[in-house]
Amino acid sequence: MILAIDIGGTKFSMAAFDGDRMVRRESRATDSAGGREWMTAQIAGIVGAWRADLRFEGCGIGFGGPVNFAAQRVVLSTHVGGWRDFDLCDFVADAAGAPTVMDNDANVGAMGEALYGAGRGASPLFYMTLSTGIGGGIVEDGRVWRGADSYGGEIGHLTVRPDGPECLCGARGCLERMCCGLWLQRDHGRSAAELLMDAAFVREYVVDLALGLKAAIMLLNPARIVIGGGISKAGDRLFVPLREELGRRITAWSKARVDVVPAALSDDSVLFGALALARSQLR
Ligand SMILES: [Zn+2]
């Protein structure tokens with residue numbers, strides 16, 4: 001049995017897998033005021049209850065913030081407090097009674113979609129999570145491309161508006177600042193889901209989104225781009241204008257394909273990726 005954990009800024013989910021089959025799943029809203037202590041108590045409580053009748057041989061975690069993969073440490077969470085340098089793997093390994101491995105949720109979601117979802121058969125794959133924040137992951141031949149220091153794929157902090165508003169990272173006009181759910185809500189006083197019902201809003205929204213994705217296409221020439229996270233659930237209302245805008249933006253001589261699709265695993269991309277991550281470490 002594999003334990004999979006997805007820790008996000010607005011919710012967290014846990015699942016137990018028997019082979020490729022999800023046999024148990026629990027999801028709760030994140031209490032951001034409760035910070036790390038609240039979250040770790042929740043995780044310990046759920047795992048403790050599951051261990052009454054399940055035995056885990058490994059555990060994978062997708063964390064919603066930068067992770068130093070080599071050191072297996074959370075760098076920080078920009079949305080929830082108290083995580084800096086916390087040894088989450090050690091804590092979960094203790095609770096689950098099994099070896100535990102962690103990566104940031106975008107890399108883990110990328111693995112999930114590449115192996116079990118909309119990215120199957122498409123390599124290299126670029127995955128972007130469009131949610132409370134924005135993250136990116138690159139998978140080639142079933143392996144995450146992390147870069148030299150495990151910070152590869154961070155599309156959220158690409159500059160799309162150099163004189164735009166300040167991002168939580170301190171820079172101006174990052175893709176995340178312009179397009180993520182947290183800032184859409186703060187800037188417009190309405191949720192991303194509501195805003196994306198408005199076709200005129202979407203036409204403007206996809207301009208910045210396409211600027212970010214253009215960089216991924218020009219740098220990586222991915223076989224496919226899969227977009228997950230809550231905002232991607234807008235479906236064709238988002239994806240049709242986004243593909244059109246990308247078609248206009250890609251450099252004229254480039255024949256790089258524009259194959260951009262929503263995630264197939266919906267809320268479970270990261271959980272399936274955590275399954276794959278745990279297995280890759282057990283091998
Ligand atoms: Zn930023």
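## Helix 7 against helix 8

In this predicted model, helix 7 (residues 199–220) and helix 8 (residues 236–249) have axes that come within 8 Å and cross at roughly 55°. Because of that angle, helix 7 is oblique to helix 8, and helix 7 passes helix 8 in a right-handed crossing.

On the helix 7 side, the contact is made by V202, R203, V206, V207, L209, A210, L211, L213 and K214, while helix 8 contributes R237, L238, P241, L242, E245, L246 and R249. Sorted by class, the residues of this contact between helix 7 and helix 8 comprise eleven nonpolar and five charged, with no polar residue.

The protein chain is divided into domain 1, which covers 2–107 + 268–282, and domain 2, which covers 121–264. Taken over C-alpha atoms, the centres of domain 1 and domain 2 are separated by 25 Å, and the contact takes 16 residues from domain 1 and 16 residues from domain 2.

On the side of domain 1 that touches domain 2, at least two residues each are supplied by strand 5 (67–68), strand 7 (100–104) and helix 3 (105–116). Helix 3 gives the most to this side of domain 1, with three residues. The residues on the side of domain 1 that touches domain 2 divide by class into nine polar, five nonpolar and two charged.

## Helix 3 against helix 9

Helix 3 also packs with helix 9 (residues 269–282), at an angle of about 85° and with the two axes 7 Å apart; the angle therefore makes helix 3 roughly perpendicular to helix 9.

The residues of helix 3 that meet helix 9 are D105, V108, G109, A110, M111, G112, E113, L115 and Y116, and their counterparts in helix 9 are S269, V270, L271, F272, G273, A274, A276 and L277. By class, this contact of helix 3 with helix 9 has eleven nonpolar, four polar and two charged residues.

D18 is placed in strand 2 (residues 11–18). The residue D18 is exposed, because 11 other C-beta atoms lie within 10 Å, and a residue counts as exposed if that number is 12 or fewer. Leaving aside residues up to four places away in sequence, D18 touches M1 and V23.

Note on methods:
Residues are numbered from 1 along each chain as its sequence is written. This is a predicted model: local features need pLDDT of at least 70, side-chain atom pairs count only at pLDDT 80 or more; totals for chains, interfaces and linings use all residues. Helices (H or I, at least four residues) and strands (E, at least two) are DSSP runs, numbered from the N terminus. A residue is buried if 20 or more other C-beta atoms lie within 10 Å of its own, exposed if 12 or fewer, and partly exposed in between; C-beta atoms are placed from the backbone. Two residues are in contact if their C-beta atoms, placed from the backbone, lie within 7 Å. Axes are lines fitted to C-alpha atoms, for helices over the stretch in contact, and angles run from 0 to 180 degrees between N-to-C directions. Angles under 35 degrees count as roughly parallel, over 145 as roughly antiparallel, 65 to 115 as roughly perpendicular and the rest as oblique. A crossing is left-handed if the near helix is turned anticlockwise from the far one by less than a right angle, and right-handed if clockwise. Ala, Val, Leu, Ile, Met, Phe, Trp, Tyr, Cys and Pro count as nonpolar, Asp, Glu, Lys and Arg as charged, and the others, Gly among them, as polar. Domain bounds come from an automatic or database domain assignment.
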